[in-house]
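Trainee: Could we go through this model together? I'd like to start with how the chain is laid out.

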Amino acid sequence: MNHQISQGERLQKVLARHGFGSRRACEDLIAAGRVSVGGKVAELGRRVDVACDEVAVDDVVVGVRPGLVHYLLNKPLGVISTAHDPQGRRTVLDFVPSEPRVFPVGRLDSDTEGLLLLTNDGEMTHRLTHPSFGVEKEYLAQLRGYPSRSALNRLRQGVCLTDGLSAPARVVQVEPNLVKITIHEGRNRQVRRMCEAVGHPVLRLVRTRIGPLVDRSLPPGEWRELSPTETRSLEVAVAVR
Ligand code: URA
């Protein structure tokens with residue numbers, strides 16, 4: 001018998017811990033041939049070494065490596081998203097545990113509020129921030145003045161910025177001066193520059209969604225760990241298809 005395979009944790013136990021349901025439900029997933037280890041379809045009874053085996057369900061890799069953490073923070077106004085500020089201002093890292101060391105996934109301006117993900121999962125960070133994965137980010141922007149239908153359409157179609165045309169955005173007018181803008185690029189101060197370009201500078205900007213992640217009840221300055229289901233929804237959102 002292969003020594004490596006007879007050791008380690010039972011695959012259904014690992015899957016159950018990562019939000020795929022009860023151990024029994026996870027056995028059913030394995031029996032249905034939907035689970036692979038190291039690229040090979042796993043059989044019932046399979047054990048895995050979570051430190052090095054690559055486990056996938058429906059061809060989407062599951063982050064089973066021990067020690068991975070994913071925090072969702074509601075960033076308050078005036079806090080910066082870089083790991084260190086030479087001017088000594090508060091950074092988002094001051095709000096979350098210092099161990100294990102995590103990093104913000106992308107940035108929010110200091111004057112932007114709302115959801116920010118922090119993690120020590122480098123691959124996830126890369127995929128969430130790389131434009132080719134196209135993960136949506138949704139913002140609520142309070143604007144100066146009342147945008148006309150044509151201003152809203154310009155935002156939808158893409159506006160000319162100093163670093164090129166912005167990609168088409170989804171824009172919903174929630175109130176006369178409040179718009180919900182969904183983009184999948186992450187350019188510097190993008191939403192502010194887009195709105196400014198159509199004549200309506202942003203007065204207040206709040207990020208309300210990152211891909212599948214939303215949380216309307218997390219108070220500013222508070223953070224929480226993602227649930228296994230949320231982590232899985234992110235894995236699916238950034239999967240290579
Ligand atoms: N767009 C902006 O203008 N600022 C942010 O912080 C995020 C997106």
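Mentor: In this predicted model, the chain is divided into domain 1 (3–62), domain 2 (70–131 + 213–237) and domain 3 (136–210).

Trainee: How far apart do the C-alpha centres of domain 2 and domain 3 lie?

Mentor: Those centres are 22 Å apart, and the contact takes 14 residues from domain 2 and eleven residues from domain 3. Together domain 2 and domain 3 bury about 1,100 Å², with 40% of it on carbon and sulfur atoms.

Trainee: Which residues in domain 2 lose the most area to domain 3?

Mentor: They are D109, E113 and L115, which together account for 38% of what the domain 2 side buries.

Trainee: And how many salt bridges are found across that interface?

Mentor: The rule finds five salt bridges between domain 2 and domain 3, and the count of residue pairs in polar contact there is eleven. On the side of domain 2 that touches domain 3, β9 gives the most, with six residues.

Trainee: Switching to the inside, which residues touch the most other members of the largest nonpolar core?

Mentor: That core has 31 residues, and L118, I181 and V191 touch the most other members. Elements giving two or more residues to this core include β9 (112–119), β14 (178–183) and α6 (190–197).

Trainee: Why does this core lie between domain 2 and domain 3?

Mentor: Because both domain 2 and domain 3 give residues to this core, it lies between them.

Trainee: What does V191 touch, leaving out residues up to four places away in sequence?

Mentor: V191 touches Y139, A141, I181, I183, V202 and L205. Apart from this core lies another, of 16 residues, among them V14, L15, V50 and V64.

Conventions: Residues are numbered from 1 along each chain as its sequence is written. This is a predicted model: local features need pLDDT of at least 70, side-chain atom pairs count only at pLDDT 80 or more; totals for chains, interfaces and linings use all residues. Side-chain values use heavy atoms; hydrogens and water are left out. A nonpolar core is a set of buried Ala, Val, Leu, Ile, Met, Phe, Trp, Tyr and Cys residues joined through side-chain atoms within 4.5 Å. Buried means under 20% relative accessible area, exposed over 50%, partly exposed in between (1.4 Å probe, protein chains only). Helices (H or I, at least four residues) and strands (E, at least two) are DSSP runs, numbered from the N terminus. Domain bounds come from an automatic or database domain assignment. Contact means heavy atoms within 4.5 Å. Buried area is the accessible area (1.4 Å probe) that two parts lose on being put together, summed over both. A salt bridge is a side-chain nitrogen of Lys or Arg within 4 Å of a carboxyl oxygen of Asp or Glu. A polar contact is a pair of N or O atoms within 3.5 Å; within protein, one must be able to donate a hydrogen and the other to accept it, and residues adjacent in sequence count only if both atoms are side-chain atoms.
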